[in-house]
Amino acid sequence: MIAAILTVALLSSSQPAMSTPSPSSPIVIAHRGASGERPEHTRAAYELAIDQGADFIEPDLVMTRDGYLVVRHENEIGETTDVADHPDFAARRTTRDVDGVPITGWFTEDFTLAEMKTLRARERLPALRPASAAFDGQEPILTFDDVVTIARDASARTGRVIGVAPELKHPSHFAALGQPMEEAFVAALERHGLTGAEAPILIQCFEVGTLERLKARIDAPLLQLMQADGGPADRPGATYAEMATPQGLAEIARYADAVGVQDLMVVPRDDAGRALEASPLTTDAHAAGLKVAVWTLRAENVFLPAQYRIGDAPADHGDLTGWLKAIYALGVDAVFSDFPAAAVEAR
């Protein structure tokens with residue numbers, strides 16, 4: 001089963017960790033599942049994405065108080081669960097500094113796994129996605145182990161290997177709390193046989209040190225995430241803009257196989273929100289020996305460049321297919337999309 005995915009998505013340890021660039025066949029990574037149609041990070045979202053043809057499913061990983069890796073967009077869970085409806089958890093609402101930003105809400109590090117399992121998932125963007133919000137309250141919170149099992153069961157069912165693309169969220173934050181995420185994560189990879197160069201996995205993080213340390217411990221493919229502004233939380237003073245230069249990309253290539261970049265980094269926009277000419281980032285990354293994955297391609301007008309919007313309502317769907325094709329035409333190796341069906345069809 002693992003060997004089958006190699007022809008689709010992964011190469012040997014001496015080569016970058018995704019398939020050779022081809023505008024006709026980039027990899028589709030279901031961003032938190034089919035999260036445009038079901039509450040993100042739920043079994044329903046992942047299974048729908050797989051049925052729609054996604055090559056990888058993506059879980060964001062955070063930690064519980066008792067050291068389990070659970071799947072949530074952030075460690076603050078007020079947005080994505082019904083925790084506010086549980087009177088017994090009301091006193092746990094607090095304000096906490098996460099990577100230098102004060103955030104008020106409920107945090108996974110204050111809950112045991114058993115307590116997390118009493119919660120149910122909710123749509124994170126209900127105003128934009130009311131059809132997805134109709135599924136609120138139906139799905140429990142998943143662990144990383146659950147998502148690996150979903151992918152493996154689907155691989156057996158469909159006859160094609162479904163990869164998993166976990167993102168480690170805020171590892172420095174958890175380390176400061178005495179919850180070493182990397183240790184729990186590597187233990188999980190070992191438990192599932194996912195530490196090898198040919199494993200159907202693509203490990204992501206915005207932080208640099210986490211990926212550097214993982215590089216020294218495992219051979220599985222690694223992806224450095226970057227966005228248009230800011231910089232890695234564990235590298236004060238460093239910026240993603242600097243990391244996206246040829247020199248910065250060469251440095252990333254020492255420890256990672258790929259970069260995962262915000263769409264604004266490959267196609268900038270003007271003040272009116274119109275897409276401009278492509279940046280050299282894709283070409284520069286390939287020259288450094290890195291594969292390029294672009295995030296996150298969504299259907300709603302509010303997320304699209306102005307020339308791909310249809311109508312004025314932020315929640316209405318614009319021309320996602322046209323935007324996907326424009327990104328594919330750059331020669332990128334993968335895309336993250338909340339709408340994997342559209343991404344598969346467009347390629």
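Where does D99 lie? In this predicted model, D99 sits in the loop that links strand 5 (94-98) and strand 6 (101-105). Its phi is near 55°, a positive value in a residue other than glycine. Most residues other than glycine have a negative phi, and most peptide bonds are trans. H170 also has a positive phi, about 55°, and is not a glycine. H170 is found in the loop between strand 8 (167-168) and helix 6 (171-176). Are these residues buried or exposed? D99 counts as partly exposed because its relative accessibility is 34%. H170 is buried, because its relative accessible area is 14%.

Next, the peptide bonds. The one from W295 to T296 is cis, with omega near -20°. T296 belongs to strand 12.

The largest nonpolar core has 87 residues. I57, F144, I203 and M226 have the most contacts inside it. Leaving out residues up to four places away in sequence, I57 touches residues including A30, Y46, V147 and I162. A second, separate core has twelve residues, among them I27, I29, A293 and W295.

Helix 13 (residues 320-328) has these buried residues: L320, G322, W323, L324, I327 and Y328. They pack against strand 1 (27-30), helix 11 (263-266), strand 12 (291-297), strand 13 (334-337) and helix 14 (340-346).

Last, a helix pair. The axes of helix 7 (residues 181-192) and helix 8 (residues 208-217) come within 11 Å and cross at roughly 40°. The crossing is right-handed. E182, E183, F185 and V186 in helix 7 meet T210, R213, L214 and R217 in helix 8. These contact residues divide into three nonpolar, one polar and four charged.

Methods: Residues are numbered from 1 along each chain as its sequence is written. This is a predicted model: local features need pLDDT of at least 70, side-chain atom pairs count only at pLDDT 80 or more; totals for chains, interfaces and linings use all residues. Side-chain values use heavy atoms; hydrogens and water are left out. Axes are lines fitted to C-alpha atoms, for helices over the stretch in contact, and angles run from 0 to 180 degrees between N-to-C directions. Helices (H or I, at least four residues) and strands (E, at least two) are DSSP runs, numbered from the N terminus. A crossing is left-handed if the near helix is turned anticlockwise from the far one by less than a right angle, and right-handed if clockwise. Contact means heavy atoms within 4.5 Å. Ala, Val, Leu, Ile, Met, Phe, Trp, Tyr, Cys and Pro count as nonpolar, Asp, Glu, Lys and Arg as charged, and the others, Gly among them, as polar. A nonpolar core is a set of buried Ala, Val, Leu, Ile, Met, Phe, Trp, Tyr and Cys residues joined through side-chain atoms within 4.5 Å. Buried means under 20% relative accessible area, exposed over 50%, partly exposed in between (1.4 Å probe, protein chains only).
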